[in-house]
Amino acid sequence: MADKVLMKGNEAIGEAAVLAGCRYYFGYPITPQSELPAYLARRLPEVEGVFLQAESEIAAINMVYGAASAGARVMTSSSSPGVSLKQEGISYIAGAEMPCVIVNVVRGGPGLGNISPAQSDYWQATRGGGHGDYRTLVLAPNSVQEMADMTRHAFELADRFRNPVLVLSDGILGQMMEPVLLPEPATYDINQKPWALGTTAPRKGGRNLCSTIFLDVELLEEHNWHLYQKYQVITDEFAKGSLKHMAVETHEVEDAEIVLVGYGIISRILKTVVEKCRKRGIKAGLVRPKCLWPFPSQVLADLAAKTKQFLVVEMSCGQMVEDVKLAVDGKKPVYFFGRTGGTVPSDFEILNEVDKLVRPD
Amino acid sequence: MEQVFARPKCMSKTPFHYCPGCDHGVVHRLVGECLDELEVGDKAIGVAPVGCSVFAYDYFAFDFNQAAHGRAPAVATGIKRVRPDHIVFTYQGDGDLAAIGTAEIVHAANRGEKITVIFINNAIYGMTGGQMAPTTLIGMKTATSPYGRDAQLCGHPIRVSELLATLEAPVYVTRVAVNTPANLMKAKKALKNAFRLQKEGKGFSFVEVVSICPTNWGKSPVDAHKWLAEKMLPVFPLGTYKDSTGIENS
Amino acid sequence: MSAEVERIILAGFGGQGILFLGKVLAEVGMRCGKHVSWIPSYGPEMRGGTANCTVIISEHPIASPLVTVPDTVIAMNRPSVAKFNVRIKAGGMLMYNSSLIERQEFRDDIRLVEIPASEIADELGNARVANLVMAGAYAKFSKLVTYDEMVKALPNLLPAGKKELAEVNLAAFERGYQFVKEKKYMFGRYVYSVFKGL
Ligand SMILES: Cc1ncc(C[n+]2csc(CCOP(=O)(O)OP(=O)(O)O)c2C)c(N)n1
Ligand code: SF4
Ligand SMILES: [Mg+2]
């Protein structure tokens with residue numbers, strides 16, 4: 001068995017992308033994801049890949065659009081302000097059903113904000129972000145190992161569903177180091193997609209076209225329903241199908257009287273909080289969405305029948321809490337605790353919130 | 001007694017956060033002196049997008065707008081259209097102006113916006129830790145060109161002054177440096193020309209300052225200035241590329 | 001020191017090799033078969049500021065890699081003591097670079113370990129290896145990282161361009177280790193309370 005290596009989260013993403021067969025990266029510098037392009041600037045030439053620093057995030061995402069349409073496994077990465085600029089391109093990529101992987105190492109916003117870790121891009125990530133009726137899959141790693149594993153999976157998912165996949169991380173996950181067992185390498189050939197421009201693979205019809213324009217309203221409606229159906233398939237796969245294992249992680253929820261909900265780095269802190277609660281006789285549990293879209297609503301809905309209350313914790317003023325409320329559907333109270341602007345809540349602060357909820361005197 | 005080294009009136013007391021020896025501070029001071037000498041310090045509005053100079057608003061005492069990466073010329077356009085009697089300038093890095101903001105600078109110049117643009121060309125992305133800029137020299141190693149900038153892959157360093165000088169509208173386009181006392185004096189003159197043209201409502205003025213980034217170049221300030229003279233100036237020759245009002249000869 | 005988990009905050013000036021020291025501990029912890037995590041402080045590039053990082057070495061999978069209450073603080077300069085001293089767990093350890101930090105009124109519920117790291121480094125002719133002196137000192141206290149693994153790992157951890165520094169780094173590590181082994185460090189457990197009585 002291969003040895004574990006101590007790696008930064010940003011670097012783990014870079015290496016996992018290479019192992020996934022990604023040979024094209026287009027990006028633009030921004031903190032706190034800079035280690036990722038720096039890593040690939042060194043690494044991609046070693047495997048005859050292309051690392052190209054674009055003149056902007058807008059250009060970078062459109063280079064991704066082009067490379068994806070030409071059949072490559074391709075990735076871009078950025079942090080919040082840069083991902084905002086990518087939204088136009090992501091809308092086109094989703095509309096044209098082009099597979100690609102987009103990494104957001106989230107930092108404090110709005111505007112320039114700061115470079116400290118945050119989760120305030122949840123809405124942008126899970127609601128589509130750009131214009132039009134579309135969805136992107138959103139994976140939320142909580143360790144450096146998962147930065148690697150989920151990036152590797154992201155390429156498979158992107159190809160399987162012909163859809164952009166977002167890896168939503170944050171400044172801590174990007175900067176921290178943990179031991180990683182690197183995933184198995186994939187073999188990938190830019191000629192394996194029959195729909196790709198310039199492909200040598202056998203085609204269905206005559207020429208291949210990558211487009212998002214449907215002047216005829218009926219055709220656009222048809223296209224949008226087609227996308228919608230695809231999104232339904234994806235949702236079902238995560239809820240009860242082959243991707244169920246990638247949807248959500250639960251911890252000590254069976255007898256939990258209070259269920260904590262958090263994703264990404266917050267879920268690690270919440271795990272410590274649950275341990276501390278249990279030691280103090282508080283029956284706390286944890287639900288940690290690993291995939292933010294599709295959202296593991298059913299798991300939360302089922303728990304709503306058993307537990308007494310939910311506490312959602314985020315590094316934002318409250319974004320995912322809306323999805324939790326939709327899932328719980330008013331059956332049990334859903335409370336929120338957040339820190340924002342780049343502040344990370346401590347286990348003690350959260351414990352204090354739990355205390356207030358379970359011992360309201 | 002005349003106080004020679006007094007801080008310009010239009011500048012604040014906040015000490016610079018720049019790395020020791022960085023040219024940003026020097027150019028800030030020149031800007032302050034020029035605005036004072038033209039007696040427009042109280043009518044100036046600055047626009048600084050991201051880059052090491054994103055906190056420029058801390059160092060000047062007049063109004064400021066902190067803009068998004070690359071967008072300062074567009075933001076300045078908005079300000080100047082609302083306040084045509086003010087002296088509006090942008091202060092931008094090479095990553096900012098010559099990469100992500102290429103569209104904004106070309107079109108603000110092409111419209112002949114009556115603003116002044118100060119362009120700090122240090123051949124690198126300073127603030128984000130030393131990535132390749134559009135102005136990075138061929139063969140130069142940076143965080144994102146670890147094998148040296150390759151013209152086949154990344155093209156050649158962009159000469160923005162030469163590019164903008166091909167447009168009809170700009171009235172003044174010049175490239176200066178602050179690496180020697182003589183060049184520093186010329187740089188100050190250029191900045192003053194640029195602001196005077198704006199004060200007189202003449203049109204778009206542009207001053208490129210070839211600068212150093214000792215930190216990300218991995219050089220001492222002295223070595224960096226030497227490197228600037230030896231390597232950068234041949235690629236970015238100093239001089240005035242457009243002067244349609246003849247201000248330099250008046 | 002707990003035999004199951006060690007939570008360490010390391011802090012000092014930028015340039016004192018704090019992040020590297022943290023990496024060394026994490027990497028060696030990993031090679032000793034433990035779970036480890038390392039988180040740097042990262043801020044806008046303002047040079048000469050303070051740097052710190054958080055390292056956890058644990059027998060068990062690490063839930064939160066963030067540390068509010070460290071078992072140990074390794075402080076290389078004065079501001080670091082001021083900042084992190086109050087957060088150390090009662091009964092925890094403050095290991096500090098006594099070349100740059102004078103003895104003062106510390107808490108009386110922690111173990112104090114005074115290591116003249118900068119002086120030792122200077123004696124070795126390279127001021128930059130003070131961090132490795134601390135690594136050696138810490139290794140002597142640690143229940144989770146071993147001397148042998150540390151010595152084995154060190155030369156491989158140096159960046160490609162600095163391999164020639166392996167010897168002086170190892171020497172620094174050795175000096176730090178021996179310093180503790182021979183109990184040359186000034187303070188034992190709860191010594192301040194003893195001092196108060198003087
Ligand atoms: C949309 C967006 N992308 C990227 C960044 C990150 N960023 C901040 S400053 C900067 C460039 C700095 O380089 P330059 O403009 O040359 O200024 P310098 O620091 O060298 O003076 C970048 C890429 C950002 N703030 N916003
Ligand atoms: S990083 Fe470079 S440009 Fe920025 S302040 Fe330091 S020397 Fe100047
Ligand atoms: Mg620059």
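A salt bridge here is a side-chain nitrogen of Lys or Arg within 4 Å of a carboxyl oxygen of Asp or Glu. By that rule the side chains of A:Glu178 and A:Arg268 meet in a salt bridge, with N to O at 2.7 Å. The model is predicted: local features need pLDDT of at least 70, side-chain atom pairs count only at pLDDT 80 or more, and totals for chains, interfaces and linings use all residues. Residues are numbered from 1 along each chain as its sequence is written, chains are lettered from A and ligands numbered from 1 in the order in which they are written, and side-chain values use heavy atoms, with hydrogens and water left out.

**Domains of chain A**

Chain A is assigned domain 1 (5-212) and domain 2 (248-358); such bounds come from an automatic or database domain assignment. The contact (heavy atoms within 4.5 Å) takes 28 residues from domain 1 of chain A and 26 residues from domain 2 of chain A. The C-alpha centres of domain 1 and domain 2 of chain A are 28 Å apart.

Between them, domain 1 and domain 2 of chain A bury about 2300 Å², 52% of it on carbon and sulfur atoms. Buried area is the accessible area (1.4 Å probe) that two parts lose on being put together, summed over both. On the side of domain 1 of chain A, the most area is lost to domain 2 of chain A by A:Gln119, A:Tyr122 and A:Asn142, together 33% of what that side buries.

Three salt bridges cross the interface of domain 1 and domain 2 of chain A. The rule also finds 16 residue pairs in polar contact across this interface, both residues at pLDDT 80 or more. A polar contact is a pair of N or O atoms within 3.5 Å; within protein, one must be able to donate a hydrogen and the other to accept it, and residues adjacent in sequence count only if both atoms are side-chain atoms.

On the side of domain 1 of chain A that touches domain 2 of chain A, at least two residues each come from α5 (122-126), β6 (137-139), α6 (144-161), β7 (164-170) and α7 (171-175) of chain A. Helices (H or I, at least four residues) and strands (E, at least two) are DSSP runs, numbered from the N terminus. The residues of this side of domain 1 of chain A divide into 14 nonpolar, eight polar and six charged. In this count Ala, Val, Leu, Ile, Met, Phe, Trp, Tyr, Cys and Pro are nonpolar, Asp, Glu, Lys and Arg are charged, and the others, Gly among them, are polar.

**Chain C against chain A**

Here 19 residues of chain C are in contact with 25 residues of chain A. The area buried between chain C and chain A is about 1700 Å², and carbon and sulfur atoms give 73% of it. On the side of chain C that touches chain A, α1 (18-31) and β2 (35-40) of chain C each supply at least two residues; β2(C) gives the most, with five residues. That side of chain C has 13 nonpolar, four polar and two charged residues.

**Magnesium site in chain B**

The magnesium ion (ligand 3) is coordinated by B:Asp94 (OD), B:Asn122 (OD1) and B:Ile124 (O), at 2.0 to 2.2 Å. Donors are N, O and S atoms within 2.8 Å of the metal (3.2 Å for Na, K and Ca); water is not among the atoms, so sites may look incomplete. Along the chain, the donors of the magnesium ion (ligand 3) follow the spacing D-x27-N-x1-I.

**Local features of chain A**

Over all chains, the search finds 44 salt bridges. One of them joins A:Arg280 and A:Asp355, whose closest N and O atoms are 2.7 Å apart. A:Arg280 is in the loop between α9 (265-279) and β11 (284-289) of chain A, and A:Asp355 is in helix α12 (residues 347-358) of chain A, 75 residues apart.

Most residues other than glycine have a negative phi, and most peptide bonds are trans. The phi of A:Glu48 is near 60°, a positive value in a residue other than glycine; A:Glu48 is in the loop between α2 and β3 (50-53) of chain A.

| Cis peptide bond | Omega |
|---|---|
| A:Thr31 to A:Pro32 | about 5° |
| A:Trp293 to A:Pro294 | near 0° |

A:Pro32 lies in the loop between β2 (24-27) and α2 (35-46) of chain A, and A:Pro294 in the loop between β12 (291-293) and α10 (297-304) of chain A.
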